[in-house]
Amino acid sequence: MTAIDLSATIGNETFQHPLINAAGVWDETATEMNAVLESAAGGLTTKSATLAPRAGNPQPRYFDTDLGSINSMGLPNQGLAYYLDFIANTDTDKPIDLSVTGTKMADQIDALKQIQASDFAGLCELNLSCPNVVGKPQIGYDLEATKEILDRVFAFYTKPLGVKLPPYLDLQQYDAMAEILNQYPLTYINAINSVGNGLVVDPEAERVVIKPKGGFGGIGGKYIKPVALANVRAFRQRLRPEIKIIGTGGVTTGTDVFELILCGADIVELGTVVMQEGLDAFARINQELTDLMAAKGYQKLADFRSHLQEYDA
Ligand code: DHB
């Protein structure tokens, strides 16, 4: 039997396995990031970095439920220099995707200027979709702001760049957003970030379960898989084929990964499942994907990527 090849390519980077951590999961400190690199993950995403370190929102700010999670972390991170330094001093064959954001557009531009001026030449992910900065909307829900930031960034940025998008829920939103994204030399998009500003209620205590923002926060886990599938599918149908897609949202099994790749994902990120199960989730889900591919007679991801059929096909 031919061995199953799980490799995938984004930009100049080859991932030997298609599962990596979602930004914000097990990736704030060097200890956590090294643990991801030592696990069966195919690569590492760093916690979205701001120019200066941030402590984030008050605790409790993350809560698990049977079907997923809610968070309002508020961008706790060690600051961009820490992550650039970590990458410069880490010897690994696995790709590292540097996630970057800011609470103001000017800060996001400054962060990318620093990255452009640095020796870092890997993948960078501009987060246009943090739902948890008090008083700040998600750029990805504002077409004008999205266009403005991409115009400003691509005036100077020449390294491989992706954008992390919020979930869209209306077909017209995909049309409008894809039309904008197609105008820029993006290496990839990442769909989706958490479903912003959901609410989890504790019926016994008759209160919310996290402290920031009156309990509102980003929803992850099983709740959001159909939204992730829809976003990956809709963008794959609309984006230039050179723009790759990282599929993120609601994965807990190898079958979930298979579904996202059928919809057009190049690689897949794990979020809530790693929070709940730990880094062993990577090996388990890789194995489940491999077993499913073997059962179906597929040898590589390209054998089924984007092959989702419509009902009458
Ligand atoms: C945070 C949450 C997000 O969903 C995101 O994209 C970035 C940051 C946070 O609260 O830290």
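This is a predicted model: local features need pLDDT of at least 70, side-chain atom pairs count only at pLDDT 80 or more; totals for chains, interfaces and linings use all residues.
Local features need pLDDT of at least 70 and side-chain atom pairs pLDDT 80 or more, while totals for chains, interfaces and linings use all residues. Residues are numbered from 1 along each chain as its sequence is written, and side-chain values use heavy atoms, without hydrogens and water.

Glu 277 belongs to helix α8, residues 272-277 (helices are DSSP runs of H or I with at least four residues, strands runs of E with at least two, numbered from the N terminus). Glu 277 is partly exposed, at 35% relative accessible area (between buried, under 20%, and exposed, over 50%; 1.4 Å probe, protein chains only). Its C-alpha atom is 9.6 Å from that of Thr 252, 25 residues away along the chain.

The sheet is open and parallel, with eight strands in the order β3-β16-β15-β10-β9-β8-β7-β4 (two strands pair if DSSP finds at least two bridges between them). β3 (19-21) and β4 (44-45) are the edge strands; each has a single partner, so one side of each lacks a neighbour in the sheet. Within the sheet, β7 (residues 96-100) and β8 (residues 124-127) pair in parallel over three bridges, and Val 100 has Leu 126 in β8 as its bridge partner.

Helix α9 (residues 280-296) lies across β3 and β16 (267-270).

How values were computed:
Contact means heavy atoms within 4.5 Å. Axes are lines fitted to C-alpha atoms, for helices over the stretch in contact, and angles run from 0 to 180 degrees between N-to-C directions.
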